[in-house]
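My entries follow in the order I made them.

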Amino acid sequence: MQGSHPSENGEHWMALEGGADGSLGDGPFTSRFIGIGASVPERRLTSDELMASTEHQTDIDLERLTGVRERRVVAEGEDSYTLALDAARDALARAGLAGEDLDVLIVSSISRYVGGLRMQLEPPLSLSLKEALGAHRAMSFDLSNACAGMMTGVFILNDLIRQGRARVGMVVSGEYISQLGVNAAREIRTIQSDQLASLTLGDAGAAAILERAPEGAPGIEVAGFTTLAERSRLCLAFPAKVGAGVSMYSDARTLQEVGIEDTVPLLREALDQAGLGFDEIDYFIPHQTSARAIEKGVKEFSESMGGAPKHVVVTVDEFGNTSSTTHFVALWKYLREGRFAKDDRVMLLSIASGLEVGIVIFKVDQLLERYGHGH
């Protein structure tokens, strides 16, 4: 099978070329998105409310600094599992499918909380969701790859469909991570704190369903990932010293700088494989860390690429950083609001702690029909 291309940096980019001998027919095939679902809690927590709960006087204007006006946080009875389950059901409904139609189910959450802040490792969350959805014949497994979890799941599922090993599958995640912000508020003292990024976090579930596209139909054009492990200690999490759950410590400034620097050549490689310029991307959906970080990243990418995408999607202001679900919550929001046109080309860019860089480029095409027509 040709199609996973290692470069001198060690990354693997999956482009639409090469062959495979899967059990469901000879490839290569094209995969496409047919359903995007999400579950966002009703409860809202503004940045002003969160900063009013700090135990030390900080004088940090969090909304001005990050662009995060509010984030959604779970209420009683909600957790990682319920968010993932509701998102999965939403995606199935959009795709017009039932759980029994799935060949593959991949759960890619960082948080695995069930029944509150109780981390469930066994049985795996994928098995619990598989049973709840009635996806009895699906191959299922869990993976975790920091904030790049869902993008990693899409990369793997795209490959399985391309090879002919699956016809339809789902990647789903439920992130209950707002507790990290609660814990950070108890300890943070200055803007230099290595827990500052935790104050931007919000809760959400998201799910993406992919299928083998009909011959000649557009779909995913490039799906690629690379790991830059030398950056792995720039963001770490440990059991919380105060409060329940965990606390996260990150060198956010350095992480942003090296993330942009290391992404430029990978972005160029992905665009070259797709035969595209950066200005041919209609909607660019980066990881939603902060409005300022997104603005800086797009500016530097555009200068390096010699062009800018037509639209940059920013949802961090209303949802905060929802970790592995962030790209698909944004995609779900724009689909529901009718922002896309059928021929629009979308790029998802993940720059996650690890350091992980992932890129997916696809055309909206028939996905639009599941949510109503745009433009």
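Entry one: a strand. I looked at strand β8, residues 104-107; strands here are DSSP runs of E with at least two residues, helices are runs of H or I with at least four, and both are numbered from the N terminus. Val104 and Ile106 point one way, Leu105 and Val107 the other way, and all are buried, meaning under 20% relative accessible area with a 1.4 Å probe and protein chains only, where over 50% is exposed and in between is partly exposed. In a regular strand, side chains alternate between the two faces of the sheet.

I noted that this is a predicted model, in which local features need pLDDT of at least 70 and side-chain atom pairs count only at pLDDT 80 or more, while totals for chains, interfaces and linings use all residues. Residues are numbered from 1 along each chain as its sequence is written, and side-chain values use heavy atoms, without hydrogens and water.

Entry two: partners of the strand. Which strands pair with β8? Strand β9 (residues 139-142) pairs with β8 in the parallel sense over four bridges; pairing requires that DSSP finds at least two bridges between the strands. I found Ser140 of β9 as the bridge partner of Leu105. From β8 the chain passes through helix α4 (residues 125-133) to β9, and this β-α-β crossover is right-handed, that is, clockwise from the first strand over the helix to the second when the strands point away from the viewer. Strand β10 (residues 168-175) also runs parallel to β8, joined by four bridges, and Val172 in β10 is the bridge partner of Val107.

I found Arg345 in strand β17, residues 345-352. Is Arg345 buried or exposed? Arg345 counts as buried because its relative accessibility is 13%. Its side chain makes a polar contact with the side chain of Glu221 at 2.8 Å; such a contact is a pair of N or O atoms within 3.5 Å, where within protein one must be able to donate a hydrogen and the other to accept it, and residues adjacent in sequence count only if both atoms are side-chain atoms. Leaving aside neighbours within four places in sequence, I listed contacts (heavy atoms within 4.5 Å) of Arg345 including Leu276, Tyr283 and Phe362.

I placed Thr263 in helix α7, residues 252-274. Thr263 counts as buried because its relative accessibility is 0%. Not counting residues up to four places away in sequence, Thr263 touches Phe301, Leu349, Ile351 and Val357.
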